[in-house]
Amino acid sequence: MKLAGIGYPERTLALDKPRKVLMTAAREKNRKGFGSQGTAFLITILIVGSLTALALAFAQEAIVEVSLSSYSRDGIVAHQNAYSGVFLALAALKKEESDAVENGQPQEIKAFLEQLKSEFDFSWRVIDECGKLNVNLLLNADGEVNEERSAQIVRLFQTIGSKEGSLDGLFDWLDQDDEPRMNGAESDYYENLEDPYSCGNGPFLTTRQIHMVRGFEGAPQIADFLTIYSDGKVNINTAPLEVLMSLHESIDTPTAQMIIRYRQDIPFKTTEDLKNVPGMDDSLFAAILPWISVKSRIYSIEAEGRHGDASFRILAVASLEGKKPRFLYWRTL
Ligand SMILES: [Ca+2]
């Protein structure tokens, strides 16, 4: 297992034991209810989470050593609870996938997980990375600006009223040269900051790197709508109103609100279903078709474990692409 952090290349985490447990769960998708077998499955994940923590300690000894020096007994339990939160969130995502196909709504696992939360003090939040705009695709493979994607980002700036950040800053971070654009910045700028660093001159390796771009320091709101993980298509079942409006200039606030209201009643099973939304004529549908999808495979998981006065947070990005879930990013706070 390897870790990724700001400024460092990301690595895929090899979580052999959790993967086996999760795949076992997938094979049991036809099983009804969560009886004793379901309990055993979820408790097993909790135990595997503990084992993974040990594996992490050996893989990143220095980082964990620093953390452990400040750990109280409560802190260690909080750490374990946060781990459990990540793996249970992943299990819920897998379960939700199978239930969404078979039963519509995975109410049973939600109720069961709520019961578990009362016994293990943790919480989690799952964010769909496929409901955002992929900032790494602003430049095409040949380094040329993708005009349509750029226009979407500009509309996003306008929709959220952002005065911070600029396309030039993003372009300069992504392009390989060191020639700053009018409102951008290259290494000459970043290396003269109080805490200097070099310009990426390539794709963003973590979403946190977006905050390193001139104008995106701190936490400008726009970063909540940008990703580096999706295939470039926006999931119309999960995209927030601001992202829906960025897809095309003809999607105004009422149209985006109608899309959201529609999917709350009937999730889109195909992109064609979007034509059923009032205000979505054929020409508008054809214009946005290359940019949309109805499925998500990559999620951010933010888990917090608590015990006594201690708390511990883990931020992870998990991909459900392929047969086995895998982590693309892992960060502890
Ligand atoms: Ca550059």
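**Terms and their tests**

Guide: In this model, Y299 stands opposite A318 in β7. The model is predicted, with local features needing pLDDT of at least 70 and side-chain atom pairs counting only at pLDDT 80 or more, while totals for chains, interfaces and linings use all residues. Residues are numbered from 1 along each chain as its sequence is written.

Visitor: What makes β6 and β7 a pair of strands?

Guide: Strands (E, at least two residues) are DSSP runs numbered from the N terminus, as are helices (H or I, at least four residues). Two strands pair if DSSP finds at least two bridges between them. Strand β6 (residues 298-307) and strand β7 (residues 310-319) are joined by 10 bridges and run antiparallel, so they pass the test. E302, for one, has L315 in β7 as its bridge partner.

Visitor: How do you know that β7 and β8 pair?

Guide: By the bridge count again: they have 6 bridges, in the antiparallel sense. I314 has T332 in β8 as its bridge partner.

Visitor: Why are β1 and β8 called edge strands?

Guide: The open sheet has 4 strands in the order β1-β6-β7-β8, with antiparallel pairing. β1 (122-128) and β8 (326-332) each pair on one side only.

Visitor: Why is N201 called partly exposed?

Guide: A residue is buried if 20 or more other C-beta atoms, placed from the backbone, lie within 10 Å of its own, exposed if 12 or fewer, and partly exposed in between. N201 has 14 other C-beta atoms within 10 Å, so it is partly exposed. N201 is in the loop between α8 (187-190) and β3 (226-227).

Visitor: How do you know whether I260 is buried, exposed or partly exposed?

Guide: I260 has 15 C-beta neighbours inside 10 Å and therefore counts as partly exposed. I260 is found in helix α10 (residues 253-265).

Visitor: What makes a group of residues a nonpolar core?

Guide: The members are buried Ala, Val, Leu, Ile, Met, Phe, Trp, Tyr and Cys residues, joined through C-beta atoms within 7 Å. The largest such core here has 58 residues, and V86, A89, I301 and A316 have the most contacts inside it. Helix α4 (residues 73-102) gives the largest share, 11 residues.
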